[in-house]
Amino acid sequence: MRADPADFELIAPGELQAVVALLADEPGKWLPIAGGTDVMVQYSAGKLSARKLVSIANLTELVAIDVLPDEIRIGAGCTYSSLRSHNVIAAEFSLLASAARWTGGIANQNRGTLGGNIVNASPAADSLPALLAYEAELILISVRGERRVPYLGFHTDYKKMQLAPDELIRAVCLRRECSSYLHYARKVGARNAQAISKVCVAAVGRLGVNQLLVEDIRIALGSVAPVPIRLTEVERLVKGKPIDAELLRLVRSAVASAIQPIDDIRSTARYRAAVAGNLVVEFLEQLRNSGKTA
Amino acid sequence: MTDSSSNGGRCDISFVVNGAQKTVRVFPMERLLDVLRQQLGLTGAKEGCGEGECGSCSVLMDGMLVNSCLIPALQAANADLTTIEGVADDPRSRALQTAFLKCGGAQCGICTPGMILASCHLLNKNHEPTLDDIREGLSGNLCRCTGYMQIFNSVAEAALLRKTS
């Protein structure tokens, strides 16, 4: 049953402070809407429970990308298109640029936002493994002020997150510390565009000075658990070790025990588990080979 | 700030459509697609999926390709909109029309307005697109006649025509 627009309220206060004041006045009553690429889909399908919406599209406070000496702060209202076309993101945070490139098609990239991808909280959200790999922090804003929290742990369970009813995500902060790392991003889906991932991976890693042992590594996966996950056990397993056949065998089994894939319309648990293992191994092989050519 | 003293009722919003200033009375959550088709009689934008997957309802909003089925009318306030009807009269898009005709880019026609607008958006940014650029630029537009190669060839031909004209 299609929604009747007469049943919904939508206002556009035009400034961030006015939006958070509204959220504080009636916590949980107002649903922020930015580009609408998720909210309007639910609305049209008659599945939107909120009746009051507040537009946060194009709020100047939310669309800036601030490049600081040690970190980059990406406004939560930045679209995938603006992420794709940003020089520093392309050069230093290629995992995020890749995720932006393979989310939806061009029209959805022109409207969908990074903050929206976080609060929509899909286990298959393409940008979230990148945020895990870069150890992103979120700046949350409310009338009570701002707080800064690690993205890791922000999503606690399927569609559940540590965001108070009066809070809004203001920005995503990425430390500029991965320039010397190998960046690996891969999405496996039915189609590049307009197809939700069956499995997606974002990972960074670096070999030590001897170019043999893994010095640092962060691996994140999407679509294999109720929330995007960091493979901390796998990371612990490979850190300080040379990447050889025996290690890769252990890695496959560690990946299998770290994930909880399901059967759904897009794929099967069995396929997802096999692909997740293959992708992590492919990343580690690339990391090993990067040492040979260095 | 928009003139949205609506309180759940209708409000007046203004925008430019194909170069002409328009004011419409809408519910703020009405889809831009419905406003264009029902109030303004601009039926070139089609409803395919109604969920941003197919691109049949593509329009340009402030020069950006968007799916009009996903835009609440209020968010289009003060925007500069171009629909396929506006493209039809634009001399810059003559090359696209010629190329789509020549290469068989239009088949049943349902996806064609969206394909043309996505092509406009691509060619405005990229004067010499590769086949990969074209595939990506049109990746959000689905054709159920599945004549994608003719469509890609049409866009490549249009880029050539634009260069030589």
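Axes here are lines fitted to C-alpha atoms, for helices over the stretch in contact, and angles run from 0 to 180 degrees between N-to-C directions. The model is predicted, so local features need pLDDT of at least 70 and side-chain atom pairs count only at pLDDT 80 or more, while totals for chains, interfaces and linings use all residues. Residues are numbered from 1 along each chain as its sequence is written, and chains are lettered from A in the order in which they are written.

**Exercise 1.** Work out how helix 4 of chain B crosses helix 6 of chain B.

*Solution.* Start with the helices, which are DSSP runs (H or I, at least four residues; strands are E, at least two), numbered from the N terminus. Helix 4 of chain B covers residues 112–125 and helix 6 of chain B residues 148–164; their axes come within 11 Å and cross at roughly 45°. That makes the pair oblique (under 35 degrees is roughly parallel, over 145 roughly antiparallel, 65 to 115 roughly perpendicular, the rest oblique).

**Exercise 2.** Find which residues of helix 4 of chain B meet helix 6 of chain B, and sort the contact by class.

*Solution.* Contact needs C-beta atoms, placed from the backbone, within 7 Å. From helix 4 of chain B come M115(B), S119(B), L122(B) and L123(B); they meet I151(B), V155(B), A158(B), A159(B) and R162(B) in helix 6 of chain B. Now sort them: seven are nonpolar, one polar and one charged (Ala, Val, Leu, Ile, Met, Phe, Trp, Tyr, Cys and Pro count as nonpolar; Asp, Glu, Lys and Arg as charged; the others, Gly among them, as polar).

**Exercise 3.** Locate the domains of chain B and say how far apart their centres are.

*Solution.* The bounds, from an automatic or database domain assignment, are 11–86 for domain 1 and 90–164 for domain 2 of chain B. Taken over C-alpha atoms, their centres are 21 Å apart.

Methods. Two residues are in contact if their C-beta atoms, placed from the backbone, lie within 7 Å.
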